[in-house]
Structures are given as structure tokens and as C-alpha cells.
Amino acid sequence: MKVFISADIEGTTLGTVWSETRKGEYGYDRLSAQMTAEVKAACEGAVAAGADYILVNDAHGSAINIDAAQLPECVEVVRGWSGHYLCMADGVDESFDAAMFVGYHSAAGRSGNPLSHTETRRPRCIRLNGMIGSEFLLYSWACAMYGVPTVFLSGDKMLTEDSCGLHPGLHTVAVKSGFGGMTRNLHPKVACNQIRQQAEESLKQDLAGAKITLPEHFVFEISYKEHVDAVRRSFYPGFRLMDDDTIVMETNDYTDVLRAVQFVL
């Protein structure tokens, strides 16, 4: 079994303030170690379910956060950014049996995590076909383009609740909740134990039944905190200015959405 894992940091347990997410700043070493531990737990669960090859995309910031020496030997790690529109899902293709997302966070504008955002901190709100536009939505749908079912998600409680209807076989672990600038976090070992268990269970299901078919048409709306960002980015091909701070594009090709994300967010 081949498994693809995309890993972020703002949805790991204990992560609360931005300095913890940035290499060289206060709290980063501790949080990146926890990111590694949670990815390791997901890998161990996958191996227990029968995975013999796992590709992990280190999908946060510098993309050189995970200590690969801590992971099982059947794991390869994507580090750095190629510039490909798959971005946080770079490396996935039709050969994978399932995808998993570890350490993901609530979308821009959502109150479930002090670190909520989508790609950057410029957008106030993003919607895709009327749904809240989290990074999990964007890149789990990227996996679905290749026929790869997304079966596991760990992160903050609001993200797991917002995402529960996106994939029929999705298993989730909420490692923390947030309100305002506060987080309430599982103990790191408890978080890892739950991730390991649910990752294993998610891969033991009928994976064919966990697949989804993407919509035939996509409406991609982005509202910015600053109206000048909306005006500037409305000139990206396919977008139009919908109101003072919102741009919108419509397309039948999901790769158009993924390409746009790399330039307009």
C-alpha cells in the first residue's frame, strides 16, 4: 500500500502563537519536534495498516521542518518547494492508495485556531463552491483529481468539524481547540496515540468507497482584509472584481484554481 501524507504545523497540539511556527523564533524548536512526532505517529499507523511506502510532504513555511530520521524507513520526505501548483500536495499521483493530512488548521476567518489562515494571512475569507476554503479543502481535492481518497485529518477541532462532510471515509483527530488567542491542547503523547490509532483505522476501510468525484464546475471567491489586494489580484486571468474587497473566478478545470492559489493569495 502506498500512502501520501501532507503535513502542516499550525494544527499540531500546543501551537498557539505565530513565533512558534517560524524557524529561528521563540517556541519553534518545540513545535517542529511535535510536528515530527505527529507525522511519525501517522506513519506508524499507516505501516500497521499495511503501508510499505509513504511519501511525506513537509508542507509548512520553509518546508524543512520535519526530522526525517525519526520516521520509519519506508518513508520518503519532500522538502522545499518546487513551485508546482500542487504545492502542499506536491508528489501525489495516481499510484497512491490513500492520502492523509496531519497538523492542518482552520481556514482564514474561522475562530477555531489563533493561527487560522489559508495559504497567507492576506485573505479574510475564501469560498470554493460556497464552502469555507481551508488548505485541507484545496489540497484534499487536489488528491481527488488523481483518484486518491483522503481518509485521515488531524488538526484543530473546528477544522475537523468543518471538513467532516468533504470525504465519506474521513477519520479525524482534533488535537486542540481555540477561541480568540487561546488554545486548549491535548497532551503531546495523547495526541500522537490518537493519531496513530485513527491513521491505522482509516486505512483499514474499503478505500474504493472513500473516493470522491470532484464537481464539474468551480466558483472560487476570495475576500481580502485590504481592498487594495483585491484590486491588484483581480487582474489575474480568469478573475473579476466582485465587490470592494472580493474577487471571483469560475472554471471547469480544478487545476485553474490550484494555479491561481499560488499567485492571488
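Trainee: Is Cys 87 buried, partly exposed or exposed, and at what relative accessibility?

Mentor: Buried denotes under 20% relative accessible area, exposed over 50%, and partly exposed the range in between, with a 1.4 Å probe and protein chains only. Cys 87 has 9% relative accessibility, so the residue counts as buried. Please note that this is a predicted model, in which local features need pLDDT of at least 70, side-chain atom pairs count only at pLDDT 80 or more, and totals for chains, interfaces and linings use all residues. Residues are numbered from 1 along each chain as its sequence is written, and side-chain values use heavy atoms, with hydrogens and water left out.

Trainee: How many disulfides does a search of the whole structure find?

Mentor: A disulfide is a covalent bond between the sulfur atoms of two cysteines. The criterion here is a pair of cysteine sulfur atoms within 2.5 Å, and the search of the whole structure finds zero. For Cys 87, the nearest cysteine sulfur belongs to Cys 143 and is 12 Å away. For Cys 125, the nearest is that of Cys 164, at 18 Å.

Trainee: How many aromatic pairs are there?

Mentor: A pair of aromatic rings is described by the distance of the centres and the angle of the planes. Rings of Phe, Tyr and Trp (its six-membered ring) pair if their centres lie within 6.5 Å; planes under 30 degrees apart count as stacked, over 60 as edge-to-face and the rest as tilted. By this rule the count is 10. One of them joins Phe 4 and Phe 96, edge-to-face, with 5.9 Å centre to centre and 75° between the planes. This pair links distant parts of the chain, 92 residues apart: Phe 4 is in strand β1 (residues 2-7), and Phe 96 is in the loop between β3 (75-78) and β4 (98-104). Strands are DSSP runs (E, at least two residues), numbered from the N terminus. Both Phe 4 and Phe 96 are buried.

Trainee: Which residues do ring pairs link into a cluster?

Mentor: The cluster consists of Phe 220, Tyr 236, Phe 239 and Phe 263. Tyr 236 and Phe 239 have ring centres 6.1 Å apart and planes at 65°, so their pair is edge-to-face. Tyr 236 is partly exposed at 24% relative accessibility, whereas Phe 239 is buried at 8%.

Trainee: Where is Lys 176 placed?

Mentor: Lys 176 is in strand β8 (residues 171-179) and, at 3% relative accessibility, counts as buried. A polar contact is a pair of N or O atoms within 3.5 Å; within protein, one must be able to donate a hydrogen and the other to accept it, and residues adjacent in sequence count only if both atoms are side-chain atoms. The side chain of Lys 176 reaches the backbone oxygen of Thr 12 at 3.1 Å, and a polar atom of that side chain lies 2.5 Å from the backbone oxygen of Gly 15.

Terms used: Helix = DSSP H or I, 4+ residues; strand = E, 2+ residues; numbered from the N terminus.
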